[in-house]
Amino acid sequence: MYFNKIYRNILGSLLVLISAASCKNSETRQPVNNQFTSKVYPLLDTENSRWFFFSSACRPFGMVNLSPDTEIEGAWGSGYRYQTDTVKGFSHIHAWQMSGLSVMPITIYPENDKKIFRDFYSPFNHEPEKITPGYHYLELSRYGISAELSSTKRVGFHKYNYPKGNTSNAILFNLNTLLGPCKNSNGKLKHDTKNELSGSFVMTPTNRRPKPVTVYFKIKLNVPVQSIKQDRITKNYLVNFGNTVDEVLMKAGISYTSVENAEVNIQEELPDWDFNSCVARANEEWNSMLGRIQVEGGTEKEQRRFYTDLWHALQGRRIISDVNGAYPDNTKEHFRIGHIPLDENGKPGFNHYNSDSFWGAQWTINTLWGLVYPEIMDDFVHSLMQYYKDGGLIPRGPSGGNYTYVMTGASSTPFIVSAIQKGIVTDSLENIYNALKRNHMPNGIMGKAGYEHRTNTGGGLAYYIKNGYVPYPLPEGDNFGAHQEGAGQTLEYAYQDWTLAQLAKKLNKPNDYGYFLNRSENYKHVFNKQSGWITPKDINGNWPKNYDVYSYENGFVESNAAQSTWFVPHNIDGLAGLMGGKAAATDKLNAQFESAEKSGFTSGKSHEAELHPEYRRIPVNYGNQPSIQTAFIFNQLNRPDLTQYWARKVASGVFSDLSTKRGYNGDEDQGFMGSLAVLMKIGLFQMNGGTEDNPEYQIGSPVFDKITIHLNEDYYPGKTFEINCINNSACNVFVNEVLLNNSPIKQYKITHQDIINGGSIQLKMSDKSPAAISVQHKQINK
């Protein structure tokens with residue numbers, strides 16, 4: 001029996017050796033190529049995408065995200081869906097809970113003149129289609145029209161080539177229609193001059209965005225308009241150019257404040273009519289952003305997927321302020337136009353944003369933006385604080401200039417604290433702290449469940465403060481919000497409290513530091529020592545009977561107990577202690593990974609698949625946020641080899657596809673999964689979201705031979721930081737030695753200061769794990 005136990009331990013330790021040794025790497029390793037946009041595959045996962053997922057003719061975080069729509073009903077399964085072969089319009093706004101300005105170039109024949117407002121969709125073929133960052137080309141086979149799309153930040157640029165003949169060439173402005181997450185209504189179009197139009201429409205409220213939002217637009221054409229016709233039934237407009245015009249260029253500037261500002265956006269961003277130049281400038285901007293990280297080695301496929309992931313990390317969250325700083329403020333009872341403070345050059349000091357939740361940002365954009373794009377993180381923090389100045393709360397996911405209360409907790413706190421700890425945000429720290437603190441107290445964001453617009457009950461914060469946990473179910477019921485999952489909420493609040501405590505410590509607030517640090521220990525109150533899992537409990541402190549830890553959303557937000565038990569990123573040592581020590585925690589988590597590997601580490605290939613019974617029972621899900629940190633937990637359990645082994649497995653298994661059928665295997669959520677994939681492939685990760693003093697990066701197993709991060713010198717003193725992987729391959733996933741600026745370090749971690757000072761880290765890779773070999777030798781010697 002004793003021999004069997006030793007034998008099992010040896011086998012467990014050798015598992016990673018055997019698996020790694022059996023790998024193959026027959027593909028050619030790739031050198032550096034500075035045309036980063038050419039490596040982006042925009043069609044990734046487009047068979048499973050949602051309204052705001054797909055991008056083509058847009059700039060990083062652009063107000064305009066111009067692309068063809070093949071499905072237009074609902075926020076899910078809409079927008080550009082690869083398998084649908086019919087274009088229903090080209091629309092300019094694909095954002096969190098927002099849509100609009102849908103146009104369609106058409107040709108009018110006598111027989112379709114009367115019905116064109118209700119029958120204008122056109123099939124298209126993917127074969128001639130061309131898509132690159134900032135550009136989209138396709139052909140509308142019904143009309144024989146070729147359409148080219150590009151944009152600036154706030155202006156869509158269209159180029160339509162019509163067939164020659166006796167047809168009448170036109171553009172349909174579909175201003176009153178269901179479009180993705182909301183209906184566009186009250187659409188109006190005005191003929192200003194022979195070549196110019198203007199108008200507006202209203203994005204009606206949704207159950208997530210509770211107030212209407214007006215979109216204003218200005219249209220400029222390179223040809224005169226012959227006539228405008230409005231349909232009596234649909235209320236939409238047909239802009240006719242006659243039969244002598246073969247090519248039409250159209251600029252469409254948008255604004256959430258006024259037609260005048262829409263025109264200013266055109267004047268400032270797109271004064272000329274050179275379409276090819278606009279495409280080139282878009283490509284240049286994207287190439288510059290993607291080139292902040294240069295990778296060498298890996299296969300061609302790995303490099304293409306890497307830059308596709310990085311591309312996704314730089315979009316989704318959209319600018320809502322005009323070029324002059326005007327923005328829509330919907331945070332109070334009455335709408336107003338706000339104005340961003342101007343800098344010394346008379347330019348807005350930052351951009352204002354529409355954004356999905358920061359739920360899960362601690363393991364994704366916190367690290368990637370904070371390290372590689374600090375100017376973006378700086379912008380977003382100022383935008384979030386502007387919402388506080390206007391409406392009294394820092395949002396966790398604003399839309400249309402207002403709060404949506406999407407998801408749960410105070411998810412913006414780790415994001416903002418991380419920006420401060422990294423030295424990105426240095427001003428008004430007392431004001432920022434007070435704003436964050438308000439979110440963590442009664443009547444703040446933390447006390448609201450998902451989309452809970454009118455009460456402060458669903459978050460269960462009063463119970464959390466009084467009893468140390470959020471009960472499940474809530475005694476008050478669940479008729480006022482979503483995601484009321486007590487154990488999951490407790491874990492989120494505890495972590496977010498810890499991050500706020502770190503800022504209190506930095507600002508020398510010992511009482512607040514102690515208070516929030518004490519609250520951060522509340523995760524212990526939902527740990528069931530008998531079962532060994534984090535488990536929900538009711539208002540009376542009772543654990544549920546016969547609780548199934550693989551039951552989905554049974555006390556946990558978009559996850560199950562097996563996945564969310566590890567959501568204690570601020571105190572892995574404390575969690576391991578509850579489990580019986582680090583060795584026991586390691587065995588538990590490793591067994592979960594072994595089980596999850598059989599299902600590809602995800603709950604199906606799309607977010608909606610998580611709800612299917614056959615996909616709910618996975619113990620680790622890299623298709624959604626709650627357990628995406630788990631591979632790096634091994635680092636803090638003194639088993640970095642298992643972090644390296646499983647992180648490489650996940651990167652190659654979950655984030656390796658280059659197809660329309662798969663890509664993120666779940667909920668990409670505006671750059672979260674793209675960011676995660678980038679971090680796993682460069683081998684850097686932050687367990688607590690970079691919220692402690694001089695934040696720490698855990699070292700994983702980089703996919704590439706050399707990674708060069710070009711640091712933003714406006715924020716950081718160094719120029720570049722290099723990660724060099726010696727003898728790297730698909731087989732050599734283990735890091736045997738770490739050299740920081742040629743000096744050996746024993747632990748598999750470095751600090752933020754180590755990186756931003758510039759320099760390099762050298763990782764000596766092997767197919768054998770030193771930790772596993774050491775365990776093997778000890779067991780044999782016994």
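Which residues in α7 are buried? The first view answers this. The model is predicted: local features need pLDDT of at least 70, side-chain atom pairs count only at pLDDT 80 or more, and totals for chains, interfaces and linings use all residues. Residues are numbered from 1 along each chain as its sequence is written, and side-chain values use heavy atoms, with hydrogens and water left out.

**View A. Helix α7 (residues 412-421) is mostly covered.** Buried here are S412, T413, P414, F415, I416, V417, S418, A419, I420 and Q421. (Buried means under 20% relative accessible area, with a 1.4 Å probe and protein chains only; helices are DSSP runs of H or I, at least four residues, and strands are runs of E, at least two, numbered from the N terminus.) The cover includes α5 (365-372), α6 (374-391), α8 (429-439) and α10 (486-506). Contact means heavy atoms within 4.5 Å. Just after α7, G423 has a positive phi of about 75 degrees.

**View B. Three strands form an open antiparallel sheet, in the order β28-β29-β34.** β28 (684-685) and β34 (749-751) are the edges; each has a single partner strand, so one side of each lacks a neighbour in the sheet. Two strands pair if DSSP finds at least two bridges between them. Two bridges link β28 to β29 (residues 696-699) in the antiparallel sense. F685 has Q698 in β29 as its bridge partner.

**View C. Six strands form an open sheet with mixed pairing.** The order is β19-β30-β31-β35-β32-β33. At the edges, β19 (293-296) and β33 (743-745) each pair on one side only. From one strand to the next, the twist averages 20 degrees. (Axes are lines fitted to C-alpha atoms, and angles run from 0 to 180 degrees between N-to-C directions.) β32 (residues 734-740) and β35 (residues 759-766) run antiparallel, joined by six bridges. E737 stands opposite K764 in β35.

**View D. The largest cavity holds about 130 Å³ of space.** (A cavity is a set of points on a 1 Å grid over the protein atoms alone where a 1.4 Å probe fits but cannot get out; lining residues have an atom within 4 Å of a point.) Its lining has 17 residues, with W359, Q362, E492, F567 and P626 nearest the centre. α10 gives the most, five residues.

**View E. The second largest cavity has a volume of about 50 Å³.** Its lining includes F52, H312, R318 and E668.

Technical notes: Buried < 20%, exposed > 50% of the residue type's maximum accessible area, 1.4 Å probe, protein only. 1 Å grid on protein atoms, 1.4 Å probe; cavity = no way out; pocket = protein on both sides within 12 Å on 5 of 7 lines; lining within 4 Å. Points joined across faces, edges and corners; volume = space filled by probe spheres on them.
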